[in-house]
Amino acid sequence: MVSIDPAGAAALQNDNTQRANSFYRAAWRWHFYAGVYVIPFFIMLALTGLVMLWIAFIGGRDGERIAVTPQDAPLALSDQAAAAQASIEGGTLVQYVAPRADDLAAIFRVDAHDVATMVAVDPYTAEVLASFPRRSGWYDMADNIHGSLLLGVTGDRMIEIAASLGMVLIATGLYLWWPRGTGLRAALLPRLGRGRALWKSLHGAIGLWVSVVLFFFLISGLSWAGIWGEKMVQAWSQFPAEKWEAPLSDDIHASMNHGPKEVPWALEQTAMPASGSDAGVAGLAEGTPATLDTIDALARQIGFDARYQMNLPRGEDGVWTLSRDSMNTDAIDPTSDRTVHIDRHTGKILADVRYEDYSLAGKAMAVGIALHMGTLGWPSVLANTLFCLSVIFLCVSGVVMWWKRRPANPAGWLSAPPAPRNMTLWKGAALVGLVVALAFPMAGVTLLVVCLLDWLLLRRVPALKRMVS
């Protein structure tokens with residue numbers, strides 16, 4: 001027979017309750033500190049994401065949705081290109097973007113005096129319809145803010161910290177709102193009320209609904225970031241250039257990026273093949289020169305229908321590059337991604353990389369970026385719009401809840417959530433911090449700095465403690 005000491009059981013229960021309350025306070029405090037930094041960035045990312053989403057869907061990033069009147073057949077591509085090149089004094093043709101439909105303009109990139117210009121041409125008359133500096137529109141302004149705050153590497157790192165801390169927000173937010181005895185349904189449905197209770201209910205329920213989607217968006221965005229993406233993930237997830245039986249250039253595929261990311265994630269760090277050998281498989285018929293017209297005909301022959309992009313060779317060992325990927329809105333199906341390189345001298349196909357050739361991470365990113373950018377057609381545009389508006393609401397409601405929680409005459413302007421009453425959870429907190437640091441270095445460094453400031457200064461210096469309490 002086992003006897004139970006009521007006093008001992010009550011003490012144990014009280015100790016467990018104190019531990020749970022301390023952990024709750026610690027999670028709330030981390031959630032608050034992460035939110036202080038993250039909220040401005042998340043609002044910026046959501047707003048610029050909406051701008052890019054709708055500009056790309058309605059007007060096109062590069063003016064490719066300029067309408068024309070279809071006729072019997074388009075002129076030769078060389079004639080269209082000649083008109084585009086002649087419109088820019090001293091211009092050199094660099095790129096051709098085929099129209100996605102018969103009633104849309106063809107787009108050519110022409111470089112002159114270190115300035116890249118996009119020229120829209122009527123495929124049926126070779127009339128130049130419009131020209132504008134490349135990457136100079138509202139889409140590109142929003143894209144540059146979205147990716148780097150117009151601050152280059154510094155901005156990229158600041159946004160990477162925000163995205164990494166977003167993981168902390170998701171984890172702590174789920175812990176704070178996760179139902180404890182009330183059932184999941186009660187947590188998923190906001191409870192009507194008044195004041196701060198209503199805001200808290202809406203914030204928690206919407207946060208729970210979008211948490212998985214937000215996690216996906218943060219991961220796919222971080223995969224482009226300078227530390228977590230390029231140094232930790234992308235570097236070991238590239239297509240192996242050794243699979244090509246062709247000499248390799250000193251350039252990598254990222255050299256085709258000019259400003260924003262344009263090359264598929266799985267190919268960026270992969271070396272380009274080089275022209276000037278007998279390598280490759282049959283492309284152009286033997287003796288057929290590689291020209292705009294013959295390369296375009298080959299592209300259509302091997303399966304590049306509707307919109308695709310043609311990059312012209314640069315230098316003697318440069319290659320013709322044909323590409324189609326959903327990241328550049330060439331197609332709405334990311335599994336149809338394809339990049340083909342053609343020897344400029346022999347017309348042989350040196351490389352033909354398709355979605356199925358990507359690594360698992362490369363495949364995930366091809367689909368992930370398409371979902372992230374909303375390039376899968378109007379359903380994804382509407383879904384991404386709803387998601388961005390939800391993120392903005394979560395940020396605004398977080399600020400509102402903080403404001404309503406502040407005392408009427410606060411001694412401290414920050415009014416942070418109360419710190420845990422004891423440090424008995426330091427081992428668990430250290431383990432969580434270590435896992436976060438290993439998974440997302442920028443978040444780990446930031447959390448370490450914040451924890452040190454909190455422990456060394458904010459709790460020990462009376463003036464600072466009053467400021468945040």
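Leaving out neighbours within four places in sequence, Ser326 is in contact with Ala331, Asp333, Pro334, Asp337, Ala366, Ala370 and Thr375. Contact here means heavy atoms within 4.5 Å. The model is predicted: local features need pLDDT of at least 70, side-chain atom pairs count only at pLDDT 80 or more, and totals for chains, interfaces and linings use all residues. Residues are numbered from 1 along each chain as its sequence is written, and side-chain values use heavy atoms, with hydrogens and water left out.

Stay with Ser326. It sits in the loop between strand S8 (319-324) and strand S9 (338-343). Helices (H or I, at least four residues) and strands (E, at least two) are DSSP runs, numbered from the N terminus. Ser326 counts as buried because its relative accessibility is 1%. The classes are buried, under 20% relative accessible area; exposed, over 50%; and partly exposed, in between (1.4 Å probe, protein chains only).

Follow the chain into S9. This strand pairs with strand S10 (residues 349-354) in the antiparallel sense, over five bridges. Two strands pair if DSSP finds at least two bridges between them. Val340 stands opposite Asp352 in S10. S9 and S10 form a hairpin with five residues between them. In its turn, Gly347 has a positive phi of about 75°.

Seven bridges join S2 to S3, and the two run antiparallel. Phe108 stands opposite Val119 in S3. The two strands form a hairpin with two residues between them. His113 is in that turn, with a positive phi of about 55°, although it is not a glycine. Is His113 buried or exposed? It counts as exposed, because its relative accessibility is 69%.

S3 also pairs with strand S4 (residues 128-133), antiparallel and over five bridges. Ala120 has Ala130 as its bridge partner in S4. This hairpin has six residues between its strands, and Ala126 in the turn has a positive phi of about 60°. Six of the seven residues of S3 are buried, so S3 is largely enclosed by the rest of the structure.

Helix H3 (residues 138-148) comes next. Its buried residues are Tyr139, Asp140, Ala142, His146 and Ser148. Just after H3, Leu149 takes a positive phi of about 60°. Leu149 is not a glycine either. It lies in the loop between H3 and H4. Leu149 is partly exposed, because its relative accessible area is 22%.

The axes of H4 and H6 come within 9 Å and cross at roughly 145°. Axes are lines fitted to C-alpha atoms, for helices over the stretch in contact, and angles run from 0 to 180 degrees between N-to-C directions. The crossing of H4 and H6 is left-handed: the near helix is turned anticlockwise from the far one by less than a right angle. The contact includes Ala163, Gly166, Met167 and Trp177 of H4. From H6 it includes Gly204, Leu208, Leu214 and Leu218. The contact residues divide into twelve nonpolar, five polar and two charged. Ala, Val, Leu, Ile, Met, Phe, Trp, Tyr, Cys and Pro count as nonpolar, Asp, Glu, Lys and Arg as charged, and the others, Gly among them, as polar.

Next, the cores. A nonpolar core is a set of buried Ala, Val, Leu, Ile, Met, Phe, Trp, Tyr and Cys residues joined through side-chain atoms within 4.5 Å. The largest has 39 residues. Those with the most contacts inside it are Phe42, Leu165, Leu214, Leu218, Leu222 and Val391. Helix H1 (6-58), helix H4 (153-177), helix H6 (195-222), helix H7 (228-233), helix H9 (360-373), H10 and helix H12 (441-458) each supply at least two residues of this core. Beyond its neighbours within four places in sequence, Phe42 is in contact with Ala162, Gly166, Leu214, Leu218, Val391 and Cys395. A second, separate core of 27 residues includes Phe108, Val121, Ile342 and Ile349.

End in helix H10 (residues 378-405), where Ile392 is found. Ile392 is buried because its relative accessible area is 18%. Neighbours within four places aside, it is in contact with Ala46, Leu47 and Leu50. Ile392 and Leu47 are 345 residues apart along the chain, yet their C-alpha atoms are separated by 8.1 Å.
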